[in-house]
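Subject: Structure handover

Hello,

Here is the structure for you to look at. My notes follow below it.

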Amino acid sequence: MPNLAVEIEEVSVYFNSKCVLEGINLKVLENDFLGIIGPNGGGKTTLLKVIAGLLKPTKGSVKVYGKPPHKSEKLIGYVPQLNQPDLSFPATVWDVVLTGRLNRSNLIKPYSEADKRAALEALKAVELEGLKDEPIGKLSGGQRQRVFIARALATEPKLLLLDEPTLSVDRRLDTKFWEYLNELKSRMTIIVVTHDISALSKYVDKIACLNKKLYYNESKQITREMWMEAYQCPVDIIAHGLPHRVVEEH
Amino acid sequence: MLEVLQYEFIRNAVFTALLASVACGIIGVYVVVNRIVFLSDGISHAAFGGIGLGYFLGSNPIYAAITFAVAVAVGVGATSKKLGAREDTVIGVIWALGMAVGIILIKLTPGYVPDLFSYLFGNILTVPRSDLIVMLVLDLILVLTVALLFKELLAISFDREFAQTLRLPVNLIYYILLTLVALTVVMLIRVVGVILVMALLTIPAAVSEIFTKRLIHMMFGAAALSLLFTLLGLWLSYLTNLPSGATIVLLASAVYFSTLLYNRCAKRK
């Protein structure tokens, strides 16, 4: 029986009095590759933040490898959604990736050789070692996203959380990116929030649907009922091999 | 030109410019990249309350100003977090409150208050030797703290949420940064005054940012520019017999807008 990487029990999150997540139960096994889909505003980012320990749930408990997320050391690699970046921030790609090596135990100490090796390794993994000394603001959206992935990998996480990682990665790199994640899963547990259903159906092991409540049957199948519940409208899933197509019924 | 250096007050002014520029270079960069310009300005105005208190108690106003500024820096963050108010509103209120307290305390102080005007608009030519020593100590504290926490400060300035996922004491580091900002602001009040502090905290950093791509380089650039602005501004004010603080700010602003224009044109090409 593999270890439990993430265990979420009866988690609810309210912002003021608005319910964003309701009664979430989720178990993710070690080395699982889980995809989470759902409509915009369905709470996908919130759930990821709860797992990352950035947000304390109003109710319920979250455990990452048996510990509350804010107590687990160096386990989580978080790749945030590419928000409006500060394009003039004076840091190079190298500076940014190195911040992934920070933790409580190397406070006020300089980066070690091991830190630098791990950061370089992570940059090579996303094939950006050539842009090491470029200012972060000069990169394209897709490149910046890969820098953020490298930064998360540099922490050598056991749980990688990705929020819409392919939103600004260009199509050509898309496939490569997913194949790379697929390789990573032998080393870590991966949870990815995405809209890219075709990629999900091809690469991930398990899919969950989220719209305030989580619909998940620990498999790759999305049943018609799950879709109905999550998207609140009748949808048909027509699979012509790959990729899957989702067509609304009118 | 060099013969003016024989006067002690001129020498002190040059040392003040040098010490203030070290602080501007380092802390100005954090103020600009963390977008806490408004908070810093609030701190500088609130520090005026401390200056009033210093006069009222009959002690050196710089100590009371330091205490006030640090209390405000940490207090604003805590107030907005604990009481759930918007941070920029709290800053606006504390800004006005600090000024009001300062004015009332000065009014209540018996006798003549000698150089109030120099705290409002600054007068680099009246900085006494004792203040130079205070500034030197503050500079040492700044340089040491930033040297020790450089990588952590970079991480939280760039992406605070990610730093939090690394279990770094993000809030503590942020409060340390705000305290450093408060110390710097008090130091700058001496040079350009409460009203014009922001010019020296933001302009050298903003100009330097255009020409540099790493935080550390931006700091050196900002410190050099700050020194250039203060000394050149001082010299211009000496030539024209205009107030030194305002002349320094005029010069710095002129360079700032020219650089923005230059940068715009350079990008178009």
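One detail to start with, in chain A. A:Asn211 has A:Lys213 in E9(A) as its bridge partner. Please keep in mind that this is a predicted model.

**Around strand E8 of chain A**

That pair belongs to the joint between E8(A) and strand E9 (residues 213-215) of chain A, where 3 bridges hold an antiparallel pairing. The two strands form a hairpin with 1 residue between them. A:Lys212 has a positive phi there, near 70°.

E8(A) also pairs with strand E3 (residues 33-37) of chain A. This pairing is parallel and has 4 bridges. Within it, A:Gly35 is the bridge partner of A:Ile207 in E8(A).

**The rest of chain A**

Chain A has 7 helices and 11 strands. It runs to 250 residues, and 42% of them count as buried. Take the contacts in chain A with a separation of 6 or more: 65% of them come from residues 24 or more positions apart.

There is also an open sheet of 3 strands in chain A. The order is E2-E1-E4, with antiparallel pairing. Strand E2 (18-29) and strand E4 (59-64) of chain A are at the edges. Each has a single partner strand, so one side of each has no neighbour in the sheet. From one strand to the next, the twist averages 15°.

Strand E1 (residues 4-15) of chain A is joined to E2(A) by 8 bridges. The two run antiparallel. If you want a place to look, A:Val6 is opposite A:Val28 in E2(A).

**Backbone angles to check**

Most residues other than glycine have a negative phi. Two loop residues have a positive one.

- A:Glu127 is not a glycine, yet its phi is positive, near 55°. It sits in the loop between helix H3 (113-125) and helix H4 (141-154) of chain A. With 14 other C-beta atoms within 10 Å, A:Glu127 is partly exposed.
- B:Arg35 is not a glycine either, and has a positive phi of about 55°. Its loop lies between helix H1 (8-33) and helix H2 (37-57) of chain B. B:Arg35 is exposed, with 10 other C-beta atoms within 10 Å.

B:Gly58 follows H2(B), with a phi near 70°.

**Helices of chain B**

H2(B) has 21 residues. From its first C-alpha to its last it reaches 31 Å, close to the 30 Å expected at 1.5 Å a residue. Of those 21 residues, 18 are buried, so H2(B) is largely enclosed by the rest of the structure.

**The nonpolar core**

The largest nonpolar core has 161 residues. Which of them touch the most other members? They are A:Val97, A:Leu161, B:Ala47, B:Ala69, B:Ala182, B:Val186 and B:Leu188. Helix H9 (residues 170-211) of chain B gives the most to this core, with 24 residues.

B:Ala182 is worth a click. Set aside its neighbours within four places in sequence, and B:Ala182 is in contact with B:Ile43, B:Ala69, B:Val70, B:Val72 and B:Ala73.

**Where the chains meet**

The contact between the chains takes 24 residues from chain A and 21 residues from chain B. On the side of chain B that touches chain A, three helices of chain B each supply at least two residues: H7 (150-158), H8 (160-165) and H10 (215-240). H7(B) gives the largest share, 5 residues. By class, this side of chain B has 11 nonpolar, 7 charged and 3 polar residues.

Best wishes

Definitions and conventions:
Residues numbered from 1 in each chain as written. Chains lettered and ligands numbered in written order. Predicted model: local features only at pLDDT ≥ 70, side-chain atom pairs only at ≥ 80, totals over all residues. Contact = placed C-beta atoms within 7 Å. Nonpolar A, V, L, I, M, F, W, Y, C, P; charged D, E, K, R; others polar. Core = buried A, V, L, I, M, F, W, Y, C linked by C-beta atoms within 7 Å. Buried ≥ 20, exposed ≤ 12 C-beta atoms within 10 Å, placed from the backbone. Pairing = 2+ DSSP bridges. Axes fitted to C-alpha atoms, helices over the stretch in contact; angles between N-to-C directions. Expected span 1.5 Å × (residues − 1).
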